[in-house]
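Hi,

Here is the structure I promised to pass on.

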Amino acid sequence: MEDSIVIRKRNWNRLKLLPFSFAFLLPACFSLKFLYDEWSFASVLSAIIFFPIALLFFLASGICLFFFVILIYEEVGWLIQGDIFLIADGKGVRAYHSTMNVDFVPWKTVERIYLNYVDEKPFIEFVFRDENKYLRRFSKREKRKRKMERVAGHELVYLSFANIDMSPEIFFERMQAIFEKSKIETR
């Protein structure tokens, strides 16, 4: 039995940032052109006169090259792994990127969970031991929104399957097992 569920998803919109990382290469390219220019007396004299400016320019291009390498490293790592959308472990369920209508649900506040279908779409619903205590965390606007979602057939907190590429039944079974195990460990 697994102790956690980690759902990752690739957000292809991040690839739009990749061409901008090449902008960091421009100063480095100009620096290389400056180094490979013809070394005439005038260019040596101008290099001596403008040495502090050239030094700052080379330093800036080195920093830009460093950031280019870091950005490419981050993007390649993201392409391999993807963004984390959801983590369910012994502590609770943490959602990223609006997968749930709250960020974190600790298991110690949850009485039970169940699989629910609203308008033929699957959701995992969380029933709390003391709902009023959990509800105090929300603003008046959020409380009104939760009441409207209740009318639609949801509990106070629910998990959407919009970004989860797994069968709702299998995912629910795995989450139920983690929830039951956490209840046993807290006793």
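Predicted model: local features only at pLDDT ≥ 70, side-chain atom pairs only at ≥ 80, totals over all residues.

Let's begin inside. The largest nonpolar core has 28 residues, and those that touch the most other members are Leu86, Trp107, Ile113, Ile124, Phe126, Phe171 and Met175. Several elements each supply at least two residues of this core: the strands β1 (5-9), β2 (83-88), β3 (92-95), β5 (110-118), β6 (121-128) and β7, together with the helices α5 (131-135) and α7 (168-186). The most comes from α7, which gives five residues. As general background, nonpolar side chains in soluble globular proteins tend to be buried together.

Leaving aside residues up to four places away in sequence, Phe171 touches Ile5, Ile7, Leu86, Ile124, Leu159, Phe161, Ile164 and Met166.

Next, have a look at Ser160, which sits in strand β7 (residues 157-160). Is Ser160 buried or exposed? Its relative accessible area is 17%, under the 20% cut-off, so Ser160 counts as buried. Ser160 also lies 9.0 Å from Glu125, C-alpha to C-alpha, although 35 residues separate the two in sequence.

Finally, the surface. Leu56, Leu59, Ile63, Phe66, Phe67 and Ile70 make a nonpolar patch there of about 590 Å². One of them, Ile63, belongs to helix α4 (residues 51-81). Ile63 has a relative accessibility of 43%, so it counts as partly exposed.

Notes
Residues numbered from 1 in each chain as written. Heavy atoms only, no water. Helix = DSSP H or I, 4+ residues; strand = E, 2+ residues; numbered from the N terminus. Buried < 20%, exposed > 50% of the residue type's maximum accessible area, 1.4 Å probe, protein only. Patch = residues over 30% accessible without salt bridge, like charges linked within 9 Å, V, L, I, M, F, W, Y side chains within 5 Å. Areas by Shrake-Rupley, 256 points an atom, 1.4 Å probe, with all protein chains shown as cover. Salt bridge = Lys/Arg side-chain N within 4 Å of Asp/Glu carboxyl O. Core = buried A, V, L, I, M, F, W, Y, C linked by side-chain atoms within 4.5 Å. Contact = heavy atoms within 4.5 Å.
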